[in-house]
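User: I am new to this structure and would like to learn how to read its features one at a time. Could you take me through them slowly, giving the general idea and then the case at hand?

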Amino acid sequence: MIIQPRMRGFICLTAHPEGAEKNVKEQIEYVKSKGTVEGGPKKALIIGASTGFGLASRITAAYGSGASTIGVFFEKEPSEGKTASPGWYNSAAFEKFATADGLYAKSINGDAFSDEIKQQTIDLIKKDLGQVDVIIYSLASPVRTNPRTGVTHRSVLKPIGQTYTNKTVDFHTGNVSEVSIAPANEEDIANTIAVMGGEDWKWWIEDLKKAGVLADNVLTIAYSYIGPGLTEAVYRKGTIGRAKDDLEATAFQISDTLKDIGGKAYVSVNKALVTQASSAIPVIPLYISLLFKTMKDAGTHEGTIEQIDRLFRERLYTNGEVPTDEKGRIRIDDWEMDDKIQDKIEELWKSASTETLPELGDLKGYSHEFHKLFGFEMPGVNYDDDANEMVWVDSLK
Ligand code: NAD
Ligand code: NA
């Protein structure tokens with residue numbers, strides 16, 4: 001099958017297996033080039049392991065310190081005439097490489113919010129690994145069915161209190177326009193917290209602990225975002241920000257739960273990056289295009305793998321205290337939040353328009369990163385050729 005990108009709004013309906021494989025390979029090579037993560041994880045569970053920060057976490061655990069990894073994700077298998085979702089190809093590629101390199105890697109494809117998938121994961125850990133020493137929680141989802149109530153919650157990306165108006169960009173066309181987003185109501189806020197807050201993370205850790213599959217001194221990390229004043233109405237002070245407040249508060253509750261086995265829960269605040277989730281938030285793509293340009297000019301730009309590699313080497317596994325901010329959060333958004341970077345973006349923001357953005361911002365870089373998420377625009381892949389559909393690793397069937 002010849003596979004080309006087919007865009008619909010903020011999503012791409014197709015994904016390329018060989019491009020995905022190249023993308024995974026690039027990330028593996030990056031981690032290998034940095035050498036061993038001394039004292040790094042040996043048995044890792046990654047929830048949300050197939051794309052974005054979760055995939056980078058899986059790769060860093062495996063190739064930084066030789067960790068056995070179990071990855072949980074929710075991805076679409078390929079079917080007649082239809083490609084798989086990108087995370088499916090990424091995971092197939094990861095398993096292929098890891099297994100060839102003598103690293104244990106198995107995956108569970110299903111709804112991580114459900115009790116069934118938690119139980120399957122526990123059974124697999126018991127059977128193959130005994131215990132895990134790190135759990136990365138990296139889910140990004142618009143919807144969650146709470147298994148204890150049966151209620152399906154849908155998250156929204158809205159400001160709170162008043163309508164918010166600012167510039168945004170359609171990164172496919174480069175068109176800069178003004179967008180107005182009506183404020184959320186209380187139900188929207190509660191639903192967004194139910195989907196992206198900390199409850200499911202806590203339930204995972206409670207279930208894993210009850211099952212006896214957590215090693216002494218276990219670590220668990222979930223990912224958060226803060227961002228600048230420019231985006232705070234729609235991000236940190238909006239509905240998603242309330243969910244992140246909840247996630248961050250949950251870290252302390254989980255740490256209490258883990259005290260008796262010496263375990264600890266952290267939230268790591270990461271940099272804004274092009275992922276499927278962040279592309280759907282109005283205003284953010286314009287911010288990201290200015291951020292990328294400014295950070296590339298300053299020589300401090302990072303992608304997901306550079307971020308997570310730095311998280312492991314310079315924050316989590318240093319043989320010393322884990323450095324945190326005054327709210328107990330790990331900060332690897334430090335280079336993004338640097339005053340010089342943010343002052344520059346604020347200045348550029350004022351003059352950003354359809355005409356000026358190609359010059360002021362990194363629209364090309366944004367679009368390229370977006371295509372890369374789906375395995376497109378990867379060097380060395382001929383997209384006019386038939387794509388070799390990868391054979392899905394048996395264990396994933
Ligand atoms: P992503 O969309 O790339 O990855 C989401 C992962 O969750 C995928 O592996 C997907 O399969 C999995 N998933 C979604 N629903 C699932 C379900 N029901 N069951 C099992 N798996 C499911 O997202 P990302 O951007 O890497 O985000 C991961 C975390 O990082 C989120 O908490 C996000 O808020 C945070 N974060 C993102 C950014 C950013 O700019 N993208 C910045 C800072 C923090
Ligand atoms: Na992820």
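User: Where is the place of Ile117, and how should I read a helix label?

Analyst: Helices (H or I, at least four residues) and strands (E, at least two) are DSSP runs, numbered from the N terminus, and Ile117 has its place in helix α4, residues 115–129. This is a predicted model, in which local features need pLDDT of at least 70 and side-chain atom pairs count only at pLDDT 80 or more, while totals for chains, interfaces and linings use all residues. Residues are numbered from 1 along each chain as its sequence is written, and chains are lettered from A and ligands numbered from 1 in the order in which they are written.

User: Does Ile117 count as buried or partly exposed, and which residues is Ile117 in contact with?

Analyst: A residue is buried if 20 or more other C-beta atoms lie within 10 Å of its own, exposed if 12 or fewer, and partly exposed in between, with C-beta atoms placed from the backbone. Ile117 counts as partly exposed because it has 19 C-beta neighbours inside 10 Å. Contact between two residues is read from their C-beta atoms, placed from the backbone, which must lie within 7 Å; leaving aside neighbours within four places in sequence, Ile117 is in contact with Val72, Ile108, Gly110, Asp111 and Ala112. The C-alpha atoms of Ile117 and Phe73 are separated by 9.8 Å, although these residues are 44 apart along the chain.

User: Which residues come nearest to ligand 1?

Analyst: A residue is near a molecule if its C-beta atom, placed from the backbone, lies within 6 Å of it. Of the 29 residues around ligand 1, Gly48, Gly52, Ala112, Ala140 and Thr275 come nearest, and the elements giving two or more residues to this shell are α2 (52–65), β4 (68–73), β11 (214–224) and α9 (276–279).

User: Where does UniProt place the feature "active site", and why does that residue count as buried?

Analyst: UniProt positions are given in the numbering used here, feature names are shortened, and annotations may be inferred rather than shown by experiment. The UniProt record, an unreviewed entry, places "active site" at Tyr235, which is found in the loop between α7 (229–232) and α8 (239–258). Tyr235 counts as buried because it has 24 C-beta neighbours inside 10 Å. Not counting residues up to four places away in sequence, Tyr235 touches Tyr225, Gly227, Ile240, Gly241, Ile281 and Ile284.

User: Which residues of the largest nonpolar core touch the most other members?

Analyst: In soluble globular proteins, nonpolar side chains tend to be buried together. A nonpolar core is a set of buried Ala, Val, Leu, Ile, Met, Phe, Trp, Tyr and Cys residues joined through C-beta atoms within 7 Å. Of the 110 residues in the largest one, Ile47, Ile59, Val132, Ile135, Tyr137 and Tyr287 touch the most other members, and the largest share, eight residues, comes from helix α10, residues 284–298.

User: How many of the residues of α10 are buried, and what should the helix span?

Analyst: Helix α10 is mostly covered, with 12 of its 15 residues buried, including Ile284, Tyr287 and Phe292. The expected span of a helix is 1.5 Å times one less than its number of residues, so the 15 residues of α10 should span 21 Å, and the end C-alpha atoms, 20 Å apart, agree with this. Gly299, whose phi is positive, near 75 degrees, follows α10.
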